[in-house]
Amino acid sequence: MPKLTMVQALNLALNQEMASDDRVIVLGEDVGMDGGVFRVTDGLYAAYGRQRVLDTPLAESGIVGMSIGMAIYGLRPVCEMQFSGFVYQAFHQLEGHAARMRWRSQGRYHVPMVLRAPYGGGVRALEHHSESREAYYAHTPGLKMVIPSGPRNARALLVAAIRDPDPVVFFEPKALYRAYREDVPQEEEVLPIGKSQTVREGGDLTIVTYGAMLRPVLAAATTLQEQSGAAAEVIDLQTIAPLDDSLFVASARRTGRVMIVHEAPRSFGPGAEIVARLVEKAFYHLEEPIVRVTGYDVVFPLFARENSYLPNADRVLRTARRLIAA
Amino acid sequence: MPRRRIELNDHIAHLTILDEKGAVDKKLDPHLPPALLLKLYRAMVRGRRFDERLLDLQRQGRIGTFPPTSGQEAAQLGAVAVLQPEDWMVPAFRETAAEVWRGRSLESVILAYGGFSEAASLDPPGPTLPVSIPVGSQMLHAVGIGWAARYRGEDRVALTFFGDGATSEGDFHEAMNFAAVFRAPVIFLCQNNQWAISIPRTQQTRSPTIAQKALAYGMAGIQVDGNDILAVYAAVAEAADRARAGGGPTLVECETYRMMMHTTADDPKRYRSEEEVEGWRRKDPITRFEIYLQRRRLLTKAKIAAIAQEVLEEIQAAVDAAEAKMRTIGDPVTIFDHAYAELTPALRAQREAFQAEQAAATKEGSDA
């Protein structure tokens, strides 16, 4: 099995879906000749030509609005936003149309499109290039919100997103784009949207996380076990909306102790919904108050301070120790 | 080296074929077949009478807010009459007459303004999108549709409607630019009705015309008398031919007038004079078309009266059918329909809770 970076794995998904389905069209800024600023669409222009890989003018609403029209016509557009911090200029197209067309037309039209965007911190970037604002999309009825955590599930989830009959916002943790390689099968692999995954089993503590935060969480869980013998169960959401609460609720009922880790700001973040689900479905099994290790409710700092803002393995470990000791 | 003048060879034309007195420019008359002319006349009359009836229904509290189309019948119907059934129409929200031309029933319109999303399920499967309320945002969908049609090698054009206010929106710019860059077969039909709620056209843009904005995007543009249905038809036919031939998009500015309020929630007396409205009343699109058809001996006084009567009966039947449906349409649990292709687990749970709540409320009501 070839070992691929996340960029290569995403490229594999796009390439194979384009090869097997001529409805799949890739469009965005610099996605053609240049292969995208992170090279996720590298080689697609050469393979499929300008008819299927569109270098668009520099306008996010134009890209998303045009994608909506293509999807209504029966195509499967996959549009790239250069950074998730620039989706706001297209937010009204997502909220006002992509998410509603199925309902508005009572099923006559639907919008099977994917909006891909790199998100999150950790790459020493400029302002607007590091935020983690998945909650906006998860809060919007009619959209799906997917965030992979590694090369292999990035590929399999992107395939699922392209084939999904509803609009999917697909956030790619750019800190992981080239961070490490993973075995990714050449053969088709699809992971269902709306399903979380238990990536580490344990009976003492439940940690719920997703995206780029999975790696520091796993590192902390390993250290915790080595140092104290306590076993943390780690659940990777993979899909933020529709949220799969089955695994983390079952896990919380077993462990009674839950930590949620995300880099998004704390208030009204995805963790708040997870806490609500746990209160509704596992309240009497909880031994301790649920804790959140998250970004803060501030503008994402410029990069000299980003490591102070972002949750990391040490912060997760310290919080886990307190939670176990309590 | 020196500062030199850049010649812009493009120009913008203004087209009028049928003037407000009903006089026709015989050389420019598109010579539409009599059956089409009469169908258009009937559709204009139906649009006007339907507007008046909807206003009555709204004032009586039988439907909610709606945006009247009166005065803009020629701009809408002259444009959609050019389309083939498989061409796309991408409306804003003030194109009721055009939607009905494309097959939407009057009953669906009443039901929608009565507050029921189920109205859309009455609409024919043809390629006409539902109304789009956020101003200008729908224009981009027409670009994607037009592009997709060309990608598929299908000879279809997309006609999108918007108003003078929309030309200030970023999406107007992005749609015009994308369509021109990709040479998409799109017709941008601006119903310049002079007012965006209370803001007059002159406060919306300093451009002397809206049509000239086409030049900056490298596309064809034309201004027409939007109350002249023959001119609208001719300009849109030319744009459709250009699009089908691979010549890309066209901006057609129809100069018209919103004779009534923006929506029924608006009072235009606050911002515009009765003299201005009177001036436009003399340019009414139906009056001049009626004169034209009478001169061509396609209409008589008796036929005009007969059409008026038939249209009123058609509207009455639609009102009766829609009101009967509104009384019996039933279970609000349909709010959960068509959220996604399949209900998500959370939505299934919410739907069950909703039904339990409804049942409990009904029980309490019957106990009381």
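Where in chain B is the place of B:Arg258? B:Arg258 sits in the loop between strand S8 (250-255) and helix H10 (274-281) of chain B. The model is predicted. Chain A has 326 residues, 62% of them buried. Chain B has 368 residues, and 53% of these are buried. Chain B is also split into domain 1 (13-328) and domain 2 (332-367).

**B:Arg258 and its surroundings**

- B:Arg258 has a relative accessibility of 1%. Buried means under 20%, so B:Arg258 counts as buried.
- B:Arg258 and B:Thr69 lie 189 residues apart in sequence. In space, their C-alpha atoms are 6.9 Å apart.

- Chain B contains 13 helices and eight strands.
- The centres of domain 1 of chain B and domain 2 of chain B, taken over C-alpha atoms, are separated by 39 Å.
- The radius of gyration of chain B is 23 Å. A compact globule of 368 residues would have a value near 21 Å, so the two agree.
- The C-alpha trace of chain B spans about 85 × 60 × 45 Å along its principal axes.
- Take the contacts in chain B between residues at least 6 apart in sequence: 75% of them join residues at least 24 apart.

**Chain B: surface and charge**

- Chain B has an accessible surface of about 16700 Å². Carbon and sulfur atoms account for 52% of that surface.
- Chain B carries 44 positive and 49 negative charges. Their mean positions are 6 Å apart.

**Chain B: positive phi in two loops**

- B:His31 has a phi near 50°, a positive value in a residue other than glycine.
- B:His31 is placed in the loop between strand S1 (13-15) and helix H1 (34-59) of chain B.
- The relative accessible area of B:His31 is 58%. Exposed means over 50%, so B:His31 is exposed.
- B:Arg297, also not a glycine, has a positive phi near 60°.
- The loop between helix H11 (285-295) and helix H12 (301-328) of chain B holds B:Arg297.
- B:Arg297 is exposed, with a relative accessible area of 74%.

**Chain A: overall build**

- Chain A contains twelve helices and 14 strands. Its radius of gyration is 20 Å, close to the 20 Å that the globule rule gives for 326 residues, so chain A is as compact as a globular protein of that length.
- Along the principal axes, the C-alpha atoms of chain A fill a box of roughly 60 × 40 × 40 Å.
- Of the contacts in chain A with a separation of 6 or more, 81% are between residues 24 or more positions apart.

**Chain A: surface and charge**

- The accessible surface of chain A is about 12200 Å². Of this, 51% belongs to carbon and sulfur atoms.
- Chain A has 35 positive and 37 negative charges.

**Chain A: a cis peptide bond**

- A:Ala241 and A:Pro242 are joined by a cis peptide bond, with omega about 0°.
- A:Pro242 lies in the loop between strand S12 (239-241) and helix H9 (246-255) of chain A.

Notes. Residues are numbered from 1 along each chain as its sequence is written. Chains are lettered from A and ligands numbered from 1 in the order in which they are written. This is a predicted model: local features need pLDDT of at least 70, side-chain atom pairs count only at pLDDT 80 or more; totals for chains, interfaces and linings use all residues. Side-chain values use heavy atoms; hydrogens and water are left out. Helices (H or I, at least four residues) and strands (E, at least two) are DSSP runs, numbered from the N terminus. The radius of gyration is taken over C-alpha atoms; the globule rule is 2.2 Å times the number of residues to the power 0.38. Buried means under 20% relative accessible area, exposed over 50%, partly exposed in between (1.4 Å probe, protein chains only). Contact means heavy atoms within 4.5 Å. Accessible areas come from the Shrake-Rupley method with a 1.4 Å probe; for residues, only the protein chains shown count as cover. Lys and Arg count as positive and Asp and Glu as negative; His and the chain ends are not counted. The place of a charge is taken as NZ of Lys, CZ of Arg, CG of Asp or CD of Glu. Domain bounds come from an automatic or database domain assignment.
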